[in-house]
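Hi,

Here's the structure I said I'd pass on. Have a look at it first, and then read my notes below.

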Amino acid sequence: MKNFFKSKTFISILASVLSIVAGLIIGFILLIVFNPPYALGGLKSIATAGFSRADKLAKVLYQAAPLIMTGLSVGFAFKTGLFNIGATGQYTVGAFCALVCGIQFQLPWWVCILAAMIGGAIWGFIPGICKALFNVNEVITSIMFNWLGLFMVNLCINNMPKMLADFWGASNKDRTGALASANPSAIIPKAGLDKLLGSNYMNISIFLTIGIAILIYVILEKMTFGYELKACGFNKDASIYAGINAKRNIVLSMVISGALAGIGGGIYYLSGTAQYTIVKSLLSMGFNGIPVALLGASSPIGIIFAAIFISYIQVGGEALQPEYAKEIIDIIIAVIIYLSAFSLLVKNILGRFFKGDTSNVNDEGAAAIKAAPVAVPAGEKSGESAGEPVGVPVGEPAGEPAPGDTGEKAVPVSDADVNKEEGGDQ
Amino acid sequence: MSWANILADLLGATVLFAVPLLLVALGGMFSERSGVINIALEGIMIVGALCSCLTLVGLDKSGFGAAHPQLGMFIAILVAAASGAVFSLLLAFASINLRADQTIGGTALNMLAPAFAIVLTWAVQGQGQTTILIPTWTRITQDNFGIEKADTFFQNLIFKSFYLTTIIAVILFIAAYVLLYKTKFGLRLRACGEHPQAADSVGINVFKMRYAGVIISGCLGGIGGLAFTVAAGSGFQSSVAGYGFLALAVMIFGNWKPFSILGASLFFALFKIIGSYSDSIPFLPSFRSVKSSEYIYLMLPYVVTMIVLILTSKKSRAPKAEGIPYDKGMR
């Protein structure tokens with residue numbers, strides 16, 4: 001037990017919890033400022049609305065599923081040293097591909113989800129290839145691809161009469177047809193969960209996404225492939241030196257990240273309860289992947305809990321109306337991300353508090369991506385030309401954490417090694 | 001409509017929409033030239049627009065605005081600049097003092113600003129009222145100069161959509177150029193964005209310079225927010241429709257240099273206007289068989305920027321130290 005309090009997992013969790021508490025305190029202050037008589041009741045509904053009734057719980061899980069996917073998308077990119085701010089665009093394109101397969105081509109739901117994955121992957125591929133070949137910053141490219149994706153999807157849907165709701169008997173033209181009338185087989189199966197929780201929102205997507213999160217965990221932490229991706233994020237030059245094809249890995253990271261966001265878009269709109277509405281503003285579900293990833297410290301398992309939490313307080317925010325604008329929740333989330341931005345600092349302070357030193361604290365989030373050197377067996381690869389596609393795996397990660405470790409990290413160097421190395425070349 | 005009228009409308013509207021892009025991109029330039037990536041421009045614009053629109057409404061209600069319209073507008077511009085600067089301090093504090101990741105800090109501020117704007121608009125205007133209308137006296141008309149109203153080319157060009165922000169933007173553009181290239185301050189600011197350690201070694205306070213860069217970008221971004229809201233014309237709805245991000249693209253397209261940024265913002269604005277006028281411009285392909293073809297024109301500036309970014313990536317001159325928190329101990 002004592003070891004647990006010293007572990008990085010514990011400090012990561014504690015840092016996230018502190019951010020959440022600070023966010024909630026600021027939210028409470030806002031509630032008091034804007035409408036004092038309702039403030040306590042408002043805080044109560046933020047805190048309890050999600051569990052108050054079974055159908056509210058269903059809503060929490062329903063919204064959490066796509067959030068897990070966009071959170072995984074952003075978190076996966078963070079782990080590999082990229083900032084995928086384009087999850088929104090990939091999410092939109094994924095949703096579009098799923099709906100085209102579902103409505104236009106009348107395909108079953110699992111084909112639609114595969115199509116969503118491919119759509120998102122394509123939208124991640126282009127920023128990835130621009131970064132790898134031309135060294136164009138992926139943040140700028142993916143911001144532009146968010147808008148390009150949105151405009152392209154709107155343009156396409158407007159020109160596909162079969163996609164629009166009025167083709168399927170509804171009166172409005174500004175959204176896609178309801179799946180219930182267009183193609184019931186494209187709706188994600190509910191497996192009786194809707195009756196269990198008494199809500200139409202419930203389907204198996206939450207279990208699908210948790211399965212995908214575990215898959216991503218295995219890829220990142222237990223496989224050579226994931227290790228190579230992370231090595232590129234930690235130190236591109238060192239990984240090139242070790243014979244990893246860094247350019248290929250950057251593209252692959254963005255493709256996987258985009259595919260994850262794309263699936264998120266697919267499962268949200270294949271639930272049968274949502275219709276894609278043609279608007280000129282970006283969808284917030286993709287942007288909310290950023291706080292989810294930061295709160296979950298980019299760890300796939302952490303992201304599951306973070307997504308459920310964000311979804312939970314959003315349901316709480318809807319319960320705030322009409323006394324307050326539900327955007328108070330967005331303020332709380334924004335404060336939480338703002339605090340996560342300097343989580344490195346918080347973690348160092350916490351680390352010092354619990355251990356008396358900071359050498360063991362290694363930030364999991366984006367803040368320290370560029371920091372740690374990767375252990376490379378220097379002698380082995382020195383004969384090869386650096387940078388060109390060698391494709392040789394680095395071999396098994398040398399210092400894979402011992403079984404007793406919390407499993408949060410697979411940085412193949414113990415921190416002592418890092419310190420030794422850094423000390424060595426000064 | 002006659003040809004001359006269309007042309008006048010087109011040019012006037014292009015300038016109108018180029019103004020916010022120019023101001024905000026110049027703001028981003030100051031911040032990035034000092035070494036801080038300012039992705040929060042969108043949020044800064046929203047806060048600037050929110051505070052200045054509330055000021056305009058307040059001035060309208062007190063009757064001061066109708067009596068002294070351009071003085072009222074000037075006050076609103078000052079409020080926009082001040083509120084943008086205050087909001088940008090949040091970014092400066094996180095990224096300079098706490099050495100936080102600048103992109104994530106900026107993203108947080110981008111989320112914070114629209115939510116805050118909606119909550120505050122509700123609080124001020126009552127439940128469900130999400131639009132702050134801009135009073136009509138803000139526009140500069142022929143009456144301000146005592147000119148007879150006439151349907152001539154030049155009057156259409158100038159007075160159809162003429163606001164004090166346009167004049168201010170021209171002044172600020174010249175001031176920004178002089179400040180960045182012709183003053184000691186500008187040289188120091190640029191040094192901090194290129195090699196802060198070297199700047200520090202000759203006695204320049206890197207923290208102060210970066211704070212200055214971010215605050216200037218906050219002022220310009222705030223005014224840009226107001227300029228966007230008057231250009232959009234439908235009042236402030238807690239959003240600036242992605243213009244902050246567009247301004248980032250303009251800044252990169254303009255290679256972090258004032259005159260190139262001016263050109264880039266006119267280019268982006270022209271495409272935006274062509275998109276919304278595509279039906280009434282005879283020589284453009286109007287894609288009649290395609291529904292809602294305005295999206296094609298909305299996509300064009302992004303596509304062109306992507307191509308330009310790829311082609312110029314070898315020559316692109318981003319400030320070397322941007323995005324890297326300054327650490328005295330770093331080698």
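Let's start with one residue, bearing in mind that this is a predicted model. Leaving aside residues up to four places away in sequence, Leu22(B) touches Ala169(B), Phe173(B), Ile261(B), Leu262(B) and Ser265(B). There's also a separate second core of seven residues, with Leu189(B), Ala199(B), Val206(B) and Met209(B) among them. Leu22(B) itself turns up in the largest nonpolar core, which has 242 residues. It is listed there among the residues with the most contacts inside that core, along with Ala98(A), Leu270(A), Ile337(A), Leu21(B) and Val250(B).

Now for the helix pair. Helix α1 (residues 3-33) of chain B packs against helix α13 (residues 258-277) of chain B at an angle of about 140 degrees, and their axes are 7 Å apart. At that angle, α1(B) and α13(B) are therefore oblique to each other. The crossing of α1(B) past α13(B) is right-handed. On the α1(B) side, the residues that meet α13(B) include Leu21(B), Leu22(B) and Phe17(B), while α13(B) brings Ile261(B), Leu262(B) and Ser265(B), among others. By type, the residues of this contact are 18 nonpolar, two polar and one charged.

Finally, the two chains: 41 residues of chain A are in contact with 37 residues of chain B. On chain A's side, the elements giving two or more residues are α2 (8-34), α6 (109-134), α7 (138-158), α15 (289-295) and α17 (328-341). The largest share, 12 residues, comes from α7(A). That side of chain A splits into 32 nonpolar, seven polar and two charged residues.

Cheers

Technical notes: Residues numbered from 1 in each chain as written. Chains lettered and ligands numbered in written order. Predicted model: local features only at pLDDT ≥ 70, side-chain atom pairs only at ≥ 80, totals over all residues. Axes fitted to C-alpha atoms, helices over the stretch in contact; angles between N-to-C directions. Helix = DSSP H or I, 4+ residues; strand = E, 2+ residues; numbered from the N terminus. Parallel < 35°, antiparallel > 145°, perpendicular 65-115°, else oblique. Left-handed = near helix turned anticlockwise from the far one by under 90°. Contact = placed C-beta atoms within 7 Å. Nonpolar A, V, L, I, M, F, W, Y, C, P; charged D, E, K, R; others polar. Core = buried A, V, L, I, M, F, W, Y, C linked by C-beta atoms within 7 Å. Buried ≥ 20, exposed ≤ 12 C-beta atoms within 10 Å, placed from the backbone.
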